[in-house]
Amino acid sequence: MSRPGQGVMMPVNGLGFPPQNVARVVVWEWLNEHSRWRPYTATVCHHIENVLKEDARGSVVLGQVDTQLVPYIIDLQSMHQFRQDTGTMRPVRRNFYDPSSAPGKGIVWEWENDGGAWTAYDMDICITIQNAYEKQHPWLDLSSLGFCYLIYFNSMSQMNRQTRRRRRLRRRLDLAYPLTVGSIPKSQSWPVGASSGQPCSCQQCLLVNSTRAASNAILASQRRKAPPAAPPPPPPGGPPGALAVRPSATFAGAALWAAPAAGPAEPAQPPGASPRSPSAPGGGGGGGGAPTPGQNNLNRPGPQRATGVSARASIPPGVPALPVKNLNGTGPVPPALAGMTGILLCAAGLPVCLTRAPKPILHPPPVSKSDVKPVPGVPGVCRKTKKKHLKKSKNPEDVVRRYMQKVKNPPDEDCTICMERLVTASGYEGVLRHKGVRPELVGRLGRCGHMYHLLCLVAMYSNGNKDGSLQCPTCKAIYGEKTGTQPPGKMQFHLIPHSLPGFADTQTIRIVYDIPTGIQGPEHPNPGKKFTARGFPRHCYLPNNEKGRKVLRLLITAWERRLIFTIGTSNTTGESDTVVWNEIHHKTEFGSNLTGHGYPDASYLDNVLAELTAQGVSEAAAKA
C-alpha cells in the first residue's frame, strides 16, 4: 500500500504556510528524542493557531488548554518548545494535510501500551491507517513507513512481524484539527522596546526578551558552526563567587558568563510520567540518548575552567540581564523560569545575574536507625512479591461468562472491540474458535451495562494477563481482582522524623522500592529475555496523616497485585525491556517540587487515590 502524501512544509521564519487560497488542515508537531515528529492534540493545535493569529511573534502557553502540558511553552519565532522547569528545548513545526484526511475529520488511531493506556500514532501513520480503513482493506503493512507492524482491521489489532506480539488498536472520533486558507503573514523581528528603542524594564519583559534573545543566539551559533574562540582574559576586581567559564564546544564562538552552578543538568524523567507520558512532549529531555538533530544539547557542555571575574563583565549593550537575587521563592521571577532562562542565557553567551540555580532536594537529611519507626496502623515494614504471584483462572470462557449477562435482542450498535455491529457476527469469527461461544452471541457487563460480542471479550481476555479479572474497554470498570506484570522485588515503608513541604507538623512516610534485574516471564513483552532495572532502590514520600496512611495501605495492596511497576520502554532514555512506572504516580522529590514530583502539592493525595481506584485498588473494593 502506498504511503499518503506528506504535508507540504514551506518555511517563513520557521512558520510554514499553505499555498494561496488552498484549504489545508494544520497539525502542530514536536520532535521527540527518537527524531520522530509527534502531533499535538487537536485542542492544543486550535489554541496555538488562535495565538498565532493574534501575535505571530509571541509565545504559546500550552498549560492553558491541557493540564498535562503545564511546564511547556512554544516560542513561535524560534519554533521551539521550552520546558520551563528543566530548560529542555525541542523543535516544533507547523504541518499541513488534506482536509479529507484523518486529522481533518477528527479521526485518531491509537494503540494500547503495556500499561493499558492508549497512545496516538504519528500523523502520517494515522492517515495511512485511515486510508486503508476507508478502502475496506482487511490488513495493512506499515513496513513502507519504516515500521515492522501489520494492522488487522477485522480484529482491530497490531502485530509485530518479528516477535508476533499483538496489541489492540482503536479508532475514535475527536475534535477536527484547525483549517486554514491562504498564507500566514511573514513574522517580523522582536521589538526591543518602545519608540525610544529602550527595552521595557518590567520583570516579565526582561524575562521574555532574555529567553528570546538566548534562543535566537543559540540557533545562530549552531548555523555558523565556527571554531571555538580562545577564552577571554579575566578582568580584575570581580566579586566573590563569580566565575569566568570557557566557551562551550556546543556553542562555538560564544563566551559563557555565569554565576556558580547557573546551568543545572537536565534531571532524570520523574516517576510516573506516562501515558502522559506519550502525550506530554519532551517529558524527560531525552535522557542519555544521542542529541536530537536540530536540538541544543544543553546538558553536555565542553570542558570548563573557572577563574574569578565579574559576572557583569563585557555585557553587550542593549541585551537585558535577568535580575534574579534569590531562587528560594522570594525573587521577582519564579524559580522554574529563572532556572530555564539561566541555562539558555549561559549557553548562548549572554549575561545572567543568577546567584544560585535551583536544585531538587531528592532525599531527606540522614536518619539513624533508632529514629526509623513503623507506620502507625500499618502492620509490618516490608512486602515482597514472588515470581509466580498471580491468580490464574480456569479458562477464558468461564471468566467472561462470570461477569456478563446474555442479551437476546442486541441493539444495532458497534461492538467497540471488533467495530462490527452487535446484530452481526463478531469480527473474531474464523480467528478464534471456542466451544459454546458462538460468534453472534452478545453479552452485557453486570455493573456498567456495556455490551460486546462474547467472542470479542474472550479474545481480549486471552491477549491480556489472564488473571481472572476483566476490564470494560469502554469505561475501564474492573470486574474481579486485577493484577499486573510487576517483576519480583521488595517494598519497605517506615516513618522518618522529617517533614515534607506543606506538612510542617507531620512526620514523613518513606517508601523504598527495590527490584533487581532478571529474566522476563511469560506475562512480559519478551519472555526469556533479560530485563534491566535502572535507578533502584527508588525512594518515595507521603505525609504521615490519615489520608497519607490510607494511600500507603492501598499502595501496599497495589504492590502485592503487581501494579506499581511493569516492564516496557522508558520514556526518558527510550530503553526497552526495562522496569518502568505503571500509571500510579509517586512523589520522589523530598524537599522541593522543581520536577512536579515533590511537595507542596495540595491535590496529590486525592489524585493518587483516584489512580489507585482506576486500577481496582480501593478500600471499598477490598471490603467487597
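**Figure 1. Strands β12 and β13 of the predicted model form an antiparallel pair.** Strand β12 (residues 149-152) is joined to β13 by 4 bridges; two strands count as paired if DSSP finds at least two bridges between them. Strands are DSSP runs of E with at least two residues, helices are runs of H or I with at least four residues, and both are numbered from the N terminus. Within this pair, Y149 has N160 of β13 as its bridge partner. The hairpin of β12 and β13 has 4 residues between the strands, and M156 takes a positive phi near 50° there. Along β13 (residues 157-160), S157 and M159 point one way, Q158 and N160 point the other way, and all are buried. Buried denotes under 20% relative accessible area, exposed over 50%, and partly exposed the range in between, with a 1.4 Å probe and protein chains only. Because this is a predicted model, local features need pLDDT of at least 70 and side-chain atom pairs count only at pLDDT 80 or more, while totals for chains, interfaces and linings use all residues. Residues are numbered from 1 along each chain as its sequence is written, and side-chain values use heavy atoms, with hydrogens and water left out.

Figure 2. Strand β14 (residues 166-173) runs antiparallel to β13, and 3 bridges join the two. M159 stands opposite R166 of β14.

**Figure 3. Six strands build an open sheet with antiparallel pairing.** The strand order is β10-β9-β14-β13-β12-β11. β10 (118-120) and β11 (139-141) stand at the edges with a single partner strand each, so one side of each is left without a neighbour in the sheet. Neighbouring strands of this sheet are turned by 30° against each other on average, direction ignored. Helix α3 (residues 123-134) packs on the sheet and touches β9, β11, β12 and β14, and its direction makes about 105° with that of β9. Contact requires heavy atoms within 4.5 Å. Axes are lines fitted to C-alpha atoms, for helices over the stretch in contact, and angles run from 0 to 180 degrees between N-to-C directions. Strand β9 (residues 107-112) pairs with β14 in the antiparallel sense over 5 bridges, and E110 has R170 of β14 as its bridge partner.

**Figure 4. I74 is a buried residue of strand β6.** Strand β6 comprises residues 72-75. I74 counts as buried because its relative accessibility is 0%. Not counting residues up to four places away in sequence, I74 touches Y40, I48, G58, S59, V60, L62, H80, Q81 and V92. I74 and I48 are 26 residues apart in sequence, with 8.6 Å from C-alpha to C-alpha.

**Figure 5. V44 is a buried residue of helix α1.** Helix α1 comprises residues 42-54. The relative accessible area of V44 is 1%. Apart from neighbours within four places in sequence, V44 is in contact with L62, V65, D66 and L69. V44 and P178 are 134 residues apart in sequence and 10.0 Å apart in space, C-alpha to C-alpha.

**Figure 6. Helix α9 spans residues 546-560.** Its buried residues are G548, V551, L552, L554, L555, I556, A558 and W559. R562 follows α9 and has a positive phi, near 65°.

Methods. Expected span 1.5 Å × (residues − 1).
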